[in-house]
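Trainee: Take one part of this model and go through it closely. Then link it to the rest, and give me your cut-offs as you go.

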Amino acid sequence: MNYNAKVTGTGSAFPKKSVSNEELAKQLAKDGIETNHEWILERTGIVSRHYSETGNPDEFNSSLACLASQKALQMAGKTPEDIDQIIFATCTPDTPLPSNGCWLQKKLGAKNAYAMDLVAACSGFIYALNTADQAIRSGDVKTSLVVGSETLSSMTNWSDRSSCVLFGDAAGAVIVERAPADSQSKIITSHLQSDGNLWEILHVIAGGSNEPVSSEALKQKRNKIQMQGREVFKHAVRTLSQFATKALDEAKISHEDLDWFIPHQANLRIIEAVAKRLNIPMNKVILNLDKCGNTSSATVPTALDEAVRQGKIKSGQTVLMDVFGAGLTYGSLLLRW
Ligand code: COA
């Protein structure tokens, strides 16, 4: 047995409500939190983001993921019954139990699959794609559904102006299929790493088994995102550059020969700094953060989906995906479309 894995379909979904910087600033001002469009745009590159409507079953994390998955299946020409494996990357699941993978399996009708969640924060989609690649290349799995989907608005601390303006809700999905050993279209290489020593610079401390949610935790917003923005920024630029280089070096592809770069969409200034370090011109960088904000594990699959549907990414082209997130977690994955 000697197989490759290739992505054959992509899909994405967003909640209906899109909130501009101006609208967000107006909303936050009601609670005495000051911000403005100019600051957000200049420091992050974000113009608007989508938020799920709380309590609306059509906009649960797994429901957005279901919509994205149906689109990916349609592009791949597959049915839900064709899926053997569902890997759902998320840090904002619908429920602690069962997994979002299982909620998605039920909603999609993927009755022949086994489903699981993968938690690696904003790096989750690349960790999941790496896992699917290995399962397919080993011969265990023929067709995998890999999802990155989040409703980050549920864990945003609305009184912290430096983090609350960054995040949004979205779902992205890809179908990954077995391909022959000589397939040109394939996942070429991937590199993952994490450093748990750096947990403190981006975390949500309450809501797990150490500190279940209590009225005290709610009052102190300990169940919401806490972030040291500048520290995250610094590590992000360093690790994104390092992991992109690892992938290109291993595949012996120069930055001139790379066709597309899809970095985690956290902050335009981070992306520009990384592209500069790597000598990748910005016209090769796929961006969607202006209209979505940082959607954690959903940034890369939604950006990929948009670029594929716009006809930017063409057969035979190379695409480098590059991520970082809470943990800290890092990773890159290079594929040929
Ligand atoms: N609106 C207006 N002013 C704001 C603001 C907001 N939303 N948020 C912070 N400020 C203010 C600060 O209070 C500070 O004011 P001061 O100088 O009077 O104290 C000033 O802007 C600069 O704050 P600072 O935190 O130093 O800004 P920054 O240039 O580092 O930008 C981030 C802040 C969060 C945009 C930036 O650090 C960042 O993007 N970090 C990475 C975050 C990230 O990617 N997280 C997700 C990882 S997956």
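Mentor: Start with Glu 177, which sits in strand 7, residues 169-180. Strands here are DSSP runs of E with at least two residues, helices are runs of H or I with at least four, and both are numbered from the N terminus. This is a predicted model, so local features need pLDDT of at least 70 and side-chain atom pairs pLDDT 80 or more, while totals for chains, interfaces and linings use all residues. Residues are numbered from 1 along each chain as its sequence is written, and side-chain values use heavy atoms, with hydrogens and water left out.

Glu 177 counts as buried because its relative accessibility is 13%. The classes are buried under 20% relative accessible area, exposed over 50%, and partly exposed in between, with a 1.4 Å probe and protein chains only. Areas come from the Shrake-Rupley method with that 1.4 Å probe, and for residues only the protein chains shown count as cover.

Now its neighbours. A contact means heavy atoms within 4.5 Å. Leaving out residues up to four places away in sequence, Glu 177 touches Asn 4, Ala 5, Lys 6, Thr 8, Ala 76, Lys 78, Ile 136, Lys 142 and Thr 143. With Lys 78 there is also a side-chain polar contact, at 3.4 Å. A polar contact is a pair of N or O atoms within 3.5 Å; within protein, one must be able to donate a hydrogen and the other to accept it, and residues adjacent in sequence count only if both atoms are side-chain atoms. Ser 144 is 33 residues from Glu 177 along the chain, yet their C-alpha atoms are separated by 6.4 Å.

Glu 42 lies in helix 2. This glutamate is exposed, at 60% relative accessible area. Glu 42 and Cys 91 are 49 residues apart in sequence and 28 Å apart in space, C-alpha to C-alpha.

Two serines come next. Ser 63 is in helix 3, residues 61-76. The relative accessible area of Ser 63 is 14%, so this serine is buried. The side chains of Ser 63 and Lys 107 make a polar contact of 2.9 Å. Beyond four places in sequence, Ser 63 touches Pro 57, Asp 58 and Lys 107. Ser 48 belongs to strand 3, residues 48-51. Ser 48 is buried too, at 13%. Among the residues that Ser 48 touches are Ser 18, Val 19, Leu 289 and Cys 292.

Helix 2 leads on to the ligand. Helix 2 (37-44), helix 6 (161-164), helix 8 (229-251) and helix 9 (268-278) each supply at least two residues of the shell around the ligand. Helix 8 gives the most, with four residues. Of the 22 residues around the ligand, Thr 35, Arg 43, Arg 161, Arg 230 and Asn 267 come nearest. By class, the shell has 10 nonpolar, seven polar and five charged residues. Nonpolar covers Ala, Val, Leu, Ile, Met, Phe, Trp, Tyr, Cys and Pro; charged covers Asp, Glu, Lys and Arg; the others, Gly among them, are polar.

Check the atoms. A ligand nitrogen is 2.7 Å from an N or O atom in the side chain of Thr 35. A ligand nitrogen is 2.9 Å from a polar backbone atom of Gly 229. A ligand oxygen is 3.2 Å from an N or O atom in the side chain of Arg 269. The protein covers 76% of the 970 Å² of accessible area that the ligand has on its own.

Then the cysteines. There are zero disulfides, a disulfide being a pair of cysteine sulfur atoms within 2.5 Å. For Cys 102, the nearest cysteine sulfur is that of Cys 66, 14 Å away. Cys 102 is partly exposed, at 32%. For Cys 164, the nearest is that of Cys 122, 16 Å away. Cys 164 is buried, at 0%.

Last, the backbone. Most residues other than glycine have a negative phi, and most peptide bonds are trans. The bond from Leu 97 to Pro 98 is cis, with omega near -5°. Gly 327 and Leu 328 are also joined by a cis bond, with omega about -10°. Lys 221 has a positive phi, near 55°, and is partly exposed at 30%. Asn 279 has a phi near 65° and is exposed at 52%.

Terms used: Near = heavy atom within 4 Å.
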